[in-house]
Every structure is written in structure tokens, then in C-alpha cells.
Amino acid sequence: MAEVAVTLKLMPESADIDLDKLEAMIKERIKVHSISREPIAFGLEALRVVTVVEDAAGGTEPLEQELAGLPGVGNVQVVGLTRLL
Amino acid sequence: MAKPHLNLITIGHVDHGKSTLVGRTFYEKGLVKEEDIRKFEAMGDKGKTFKFAWVMDGLKEERERGLTIDLAHKKFETDKYYFTIIDAPGHRDFVKNMITGASQADAAILVVAADDGIMPQTREHAALAFTLGVGQLVVVINKMDLVGYKEDVFKKLKSEVIDLLKAVGYKNPEKFTFVPAAAFHGDNVVKPSDKMKWYTETVFFAALDSFTVPEKPTGKPLRLPVQDVYSITGVGTVPVGRVETGIIKVGDTLVFEPAGVTGEVKSIEMHHESIPQAEPGDNIGFNIRGVEKTAIRRGDVAGHPKSPPTVAKEFTARIAVLQHPTALTAGYTPVFHTHTTQVACTISEITQKLDPKSGQVIQEKPEFIKKGDMATIKVIPTKPMVIEKAAEFPQLSRFAVRDMGMTIAAGVCIDIVPAK
């Protein structure tokens, strides 16, 4: 079955959140392909997480909710999607 | 001068060869290594099928999987442009992502297999592309090898696709380039095919250069949906978001709707750099004076007080029902996802049912609509929300309707009764 590469942008709850810790926590919860930092403004940084979900599994909602539930995460947004295969 | 960059979305039925077309293009342009292609060939029949696809199903080894994910995000270049390809997922639940934030597509490639013809997913994806505001298409009639490379098959299907595109809303689909191809064999992909001498127009790859860079809506009033609001020590209140239309400048007075508060822009930053103004597509944070962090929230839209964002008391929309276990009737209250907001809205009236094949009205005030139907509906938000008319701000008119963990429908707002 086909898979979908999903890019999520995670905004921290505040500018004081330790992103290294958050990154480690994400890696424990889900299988990530890559995580990078995106500078936003006034010292704020977002995490860009690339991961893979099954096309048939239908949507990114469970993934979004799982990440949004992590302590320190303000909001989660899917900013990129592309089918693999 | 650097070449402009365009996002391309590939759409069409899953088995019609979208990946093969992209894989073949990557291969002929030297983006896929010869040794990878040999690996596919070594896999026997299955490998051959996917020879030019980006990934193979059987190879789950971590390192190779990583490569395929990187490959999926690779840019390729033509004479005029850099392109990134977004291959639209098959499952309907991803429609929400495409509507509310996944990278905006500038152009689309619609793939239809010559032997199969138009399938429900072909129609659905074409409608989605129109809803997303993708105004330019290249249509590839693929798998021409399976119909003997016959011109009459191509011509017949081309006219059927033109009718379909008209039905979903495209004005002059005759102007789009239609390419007969056999992506698996490479016919008319990058090089002209000697099996279809009757076709004299451009091949697929060259057709990509017929696209134009969509103009940025800088001349429109400002619309900036708020993604998040921060209170930063030493700075103050900082909303973060992407400019959809218009220009935001330092010194501007802004109004946030539906919060109804105003403040002054003290500074704007993008990628941590201070900038005097920002334009459509820019992801920014800005310091706003006179507004407490708690007074605004995600889903509010910033604009200038002389043409503020529209708060809807009621709106009229055109929707396509993607999936629903039973039927949609008046009184139904699912969640509408539009720009950065999510609001439960009641469908107060189903005004007209439309023929998905022609877009014509087939029934006035139907009792219900179900999967596969298109309709115009009236909608009443359960709390104040900003939405705009497609004719004025297409970027803020699109929405996905969700309920029961599913994307039920996709649509655009076509008329509004403002709340004030």
C-alpha cells in the first residue's frame, strides 16, 4: 500500500521551551525521517518534522493529535504532503 | 537570475501512472541513479511495474526508505523553472490538509489512463484542484501503449476530460496542453515518441514550461490568519502567521476579527530578520502594541480597519460530498476547517443539488445529499468566524468539512451575510 510523506510544523507553547528536549520526546513517540529547526521571529523557532503515514490509514489527524498532546507543543500544522510510490 | 520555483501537484486516479510519469521524468533527467533502476529490474515482475516509480513496496530497508523520502522532496529543473512535485494522496481524509495549509500548488498535472478513462477519483481530484485555486493544468493521457497508440482514443478522451474540467468549474480547459504518453516506455515524456507521429505538440516535460508564475495578490486588502500568539519577554505580544493577501507594514494599524481588537504593528520579523513589510506567502511574526496575548487567538484574521476581514452571520457555499455513512440533511452541524480556524457550523438549508458531470442544477431544495453529490448550501456558524467569498479572497474561502474523524466534504464560500 502506498505511503505518504508528511511534513509537520510544530510551534512551541512559548519561546522558552527547550526544543532539544521536545525533539527527543518526538523521536520517542513517532518514527521520524528528519527534524529540522525553522527560525520564525523574535527568537521563536518551529520544528519541522518529516514522517511517513500509510495512505490507506486516512489522514493525519491521529498523528497531529499525538504531537499536539506533547508537553510544550503550542500547535501542529501539516505544511506538506506527498505520496511515495 | 535565479529561476522561479513552482509547486506542482499531480492528480488523478491512483492506478493511472502518476508515479511512473514522475519517476520516468526523474530518471531521464538523471535524478534517479542507474543502479536503483537495476534494483527494480532485479525484483522481477513487481519491480518492473514500479521500475520508474519513486519507491518500491518491497524494499523497506531503513536507509533506502530514507532515500526515497528525500527523493520525493527533490526539486527538478526545466529551461524556465525549478519544480517541486506534490503527489496527491489517494485517501479522502488528506483533503483537509490540502485545503488548510499544505503547500499551495501553483499548477497541476492531471493523469488519465487511456485504457481506463475517467474514474470517480479523476473527477474528485479535478474538482479539488479547482477548489484549491490551481488555475493551470497539463493533462497527460497515459498508457497509450495499451490502446495501440491510437489517435482517435486520445481525441475522444481529451474531449471527455475537457467536459469534466468545465463541469468542475474551469473556464477554458481547451487551452490546456493535452499530451498522449506512455510513461512506462517513455513515450512523449521527455522525448517525442516515434509511435505517435500524429501528435505534433510539445511533450510532457516541455509542456511544464508553458506554466506561468501565479501573480502574488499584493494589491488586495490585507488578510493574515493568525496561527499562534506569543508573549515574548522584552518584545510583547507576537502573533505568528502567513500573509495570504495584501501587504503588512511596520506602523500599520490592524484589526483582528472576530476578536474585534485593534493594535499597531511595531516590528515584523521573518526568519529572525527584521523586515519593514511582508507580502503574500511570507511566514512572519510581528509585534503588536495595544493588544494583550489573551485578546486574540489562533483562527483570528488580521486586516486593515478600512477593509476588515468579514465575520459571517451566514454564508452560501458550494460543496462536494466526499464520504458520509448516510446522508447530509438540513440541521447537520459538522466542523468546518478554514484557514487556521475550526468552527462547528449548521447546514441550515440545502439549496440546490448539482450534477457533478455538468455542474447544472438537477434539483431545488433536496431533502438530503450524499457521497458523490455536489450542492449549494446555506451555513450558519455556531460562533463568530471569518470567511471570505471565493470571488474576493479565494485563499480564505476554501474549507473542509469534518465529522466522525472523516473529511465529509470540501467546498468554497460563494456569498456571505456579514455579522456587522
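## Helix H7 of chain B

Helix H7(B) is followed by Gly169(B), whose phi is positive, near 130°. The model is predicted: local features need pLDDT of at least 70 and side-chain atom pairs count only at pLDDT 80 or more, whereas totals for chains, interfaces and linings use all residues. Residues are numbered from 1 along each chain as its sequence is written, chains are lettered from A and ligands numbered from 1 in the order in which they are written, and side-chain values use heavy atoms, with hydrogens and water left out.

H7(B) covers residues 151-168 and spans 26 Å from its first C-alpha to its last, close to the 26 Å expected at 1.5 Å a residue. Helices (H or I, at least four residues) and strands (E, at least two) are DSSP runs, numbered from the N terminus. Among the residues of H7(B) that are buried are Phe154(B), Leu157(B) and Val161(B); buried means under 20% relative accessible area, exposed over 50%, and partly exposed in between (1.4 Å probe, protein chains only). The buried residues of the helix pack against several elements of chain B, including helix H6 (120-131) and strand E16 (312-321).

## Contact between the chains

Chain A contributes 42 residues to the contact and chain B 52, where contact means heavy atoms within 4.5 Å. The two chains bury about 3700 Å² between them, 56% of it on carbon and sulfur atoms; this is the accessible area (1.4 Å probe) that two parts lose on being put together, summed over both. Between chain A and chain B there are 4 salt bridges, a salt bridge being a side-chain nitrogen of Lys or Arg within 4 Å of a carboxyl oxygen of Asp or Glu.

## Salt bridges

The structure holds 28 salt bridges over all chains.

| Pair | N to O distance |
|---|---|
| Asp87(B) and Arg83(A) | 3.5 Å |
| Lys9(A) and Glu38(A) | 3.8 Å |
| Asp20(A) and Arg37(A) | 2.6 Å |
| Lys27(A) and Glu23(A) | 3.7 Å |

Lys9(A) and Glu38(A) are both buried. Asp20(A), by contrast, is exposed, with a relative accessible area of 54%, and Arg37(A) is partly exposed at 33%. Lys27(A) and Glu23(A) both lie in helix H1 of chain A, 4 residues apart, about one turn of the helix. Lys27(A) is partly exposed at 47%, while Glu23(A) counts as buried at 15%. Asp20(A), Glu23(A), Lys27(A), Arg37(A) and Glu45(A) are linked in a network of salt bridges.

Terms used: The expected span of a helix is 1.5 Å times one less than its number of residues.
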